[in-house]
Amino acid sequence: MEFTKPACTLNPLAQKLIFKHARVAHQIFSDVIGLHDIDHLALTTISPQNELTCLSYSPIIEYNLMDTGLWHYDRSYHPDFFTTRQCKLWTDLYDQNQYAELMQVKQNTKYLRAGISTTLSYNNCILLLSFATKSKHPEAGRRLLEAHAELIKMGRYCFQNISHLFMPYLSKPTGQKKSRILSPYMQLVVNNNVTERGVS
């Protein structure tokens, strides 16, 4: 596996933060879990210094990736992937030399059959969205890719409601104008009930 851009590093507090905020993350992510057969969602911010901070619906997955060092072999965490704004299946992002280990940590331990990763811009940072499903449908991966636009909306909705937990770890150069990935008004339909949340 050859990379052409500088690698990322973990926020020094990344492993602690993923459990420190686990309850809040679980509550917010629960709003969208089940839609499009999604059983797992993780949001990772990449700071201007290429430093990773993550919150997850199933924090043990990301914790184990960090603890074992396997995240280095998952190309979703590398600039060659996340700066190109792609959407790919998890299995297409696994280093072949660590494929079985990544499958075990990211999918098998939680019975996840397929997963995808994609990215968005946020201010001077990048937001990495990861979704996975336990669906036994033979085309589960393809169905996730086809739902990409809706999954992006789900990820934006969740990030809007949890972004305050990431902000202390997203230092950015001064004097740069903010950009927005979020609309000033978002609508989420859960079980036929409409939830509207404003954007400050």
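In the predicted model, the axes of helix 3 (residues 59-68) and helix 5 (residues 99-106) come within 9 Å and cross at roughly 145 degrees. The contact involves I61, N64 and L65 on the helix 3 side, and L102, V105 and K106 on the helix 5 side. Of the residues in this contact, four are nonpolar, one is polar and one is charged.

K106 also takes part in one of the four salt bridges of the structure. Its side chain pairs with that of D74, with an N to O distance of 2.7 Å. Because K106 belongs to helix 5 and D74 to the loop between helix 3 and helix 4 (79-82), the pair ties together parts that lie 32 residues apart in sequence. Both partners are buried: K106 has a relative accessible area of 2%, and D74 has a relative accessibility of 2%.

A further salt bridge links E139 and R142, whose closest N and O atoms are 3.2 Å apart. R142 additionally meets E146 in a salt bridge (2.5 Å, N to O). E146 and R142 are four residues apart in helix 6 (residues 140-146), and are therefore separated by about one helical turn. Through shared partners, the salt bridges join E139, R142 and E146 into one network.

In helix 2 (residues 22-29), the buried residues are A22, A25, I28 and F29. They lie on the same side of the helix because they cover an arc of only 135 degrees around the axis. R23 and Q27 are exposed on the other side. The buried residues of helix 2 pack against helix 1 (14-20), strand 2 (40-46), strand 3 (51-56), helix 3 and helix 7 (148-166).

How values were computed:
Residues are numbered from 1 along each chain as its sequence is written. This is a predicted model: local features need pLDDT of at least 70, side-chain atom pairs count only at pLDDT 80 or more; totals for chains, interfaces and linings use all residues. Side-chain values use heavy atoms; hydrogens and water are left out. Axes are lines fitted to C-alpha atoms, for helices over the stretch in contact, and angles run from 0 to 180 degrees between N-to-C directions. Helices (H or I, at least four residues) and strands (E, at least two) are DSSP runs, numbered from the N terminus. Contact means heavy atoms within 4.5 Å. Ala, Val, Leu, Ile, Met, Phe, Trp, Tyr, Cys and Pro count as nonpolar, Asp, Glu, Lys and Arg as charged, and the others, Gly among them, as polar. Buried means under 20% relative accessible area, exposed over 50%, partly exposed in between (1.4 Å probe, protein chains only). The arc is that of the directions from the helix axis to the C-beta atoms.
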